[in-house]
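I opened this notebook to record what I looked up in one structure. The entries are kept in the order in which I made them.

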Amino acid sequence: MIYLVEDDNNIRELVVYTLTQHGLNIIGFEKPSFFWNAMETEHPKQAKNASSK
C-alpha cells in the first residue's frame, strides 16, 4: 500500500490514477492530518519522505 499526501487535488488524482493503472495500491490524502488518522488503523511497512532533499 502506498500513501500519498498531496494538497493539490489534480496532482493527487493524477498520481493515484497512474499508479493504480500500473497495479499498485495507493491512497491519496489531501492533508497530513488525514494521513495520520489513517495511520491509527494501519501502519505502513516502510515510510519515505519524498520531499526531503
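Entry 1. I noted at the outset that the model is predicted.

Entry 2. I looked up how the strands are arranged. Strand 1 (residues 2-5) and strand 2 (residues 26-29) run parallel and are joined by four bridges. I then followed the chain between them: from strand 1 it passes through helix 1 (residues 9-21) to strand 2, in a right-handed β-α-β crossover. For one bridge I looked up the residues, and found that Y3 has I27 as its partner in strand 2.

Entry 3. I turned to I2, which lies in strand 1. Leaving aside residues up to four places away in sequence, I listed its contacts as L19, L24, N25, I26 and I27.

Entry 4. Which residues make up the largest nonpolar core? I found five: Y3, F29, F35, A38 and M39. Helix 2 (residues 32-39) supplies the largest share of this core, three residues. I also listed the contacts of F35, again without residues up to four places away in sequence: F35 touches Y3, V5 and F29. As general background, I recorded that nonpolar side chains tend to be buried together in soluble globular proteins.

Definitions and conventions. Residues numbered from 1 in each chain as written. Predicted model: local features only at pLDDT ≥ 70, side-chain atom pairs only at ≥ 80, totals over all residues. Heavy atoms only, no water. Helix = DSSP H or I, 4+ residues; strand = E, 2+ residues; numbered from the N terminus. Contact = heavy atoms within 4.5 Å. Core = buried A, V, L, I, M, F, W, Y, C linked by side-chain atoms within 4.5 Å. Buried < 20%, exposed > 50% of the residue type's maximum accessible area, 1.4 Å probe, protein only. Pairing = 2+ DSSP bridges. Right-handed = clockwise from strand over helix to strand, strands pointing away.
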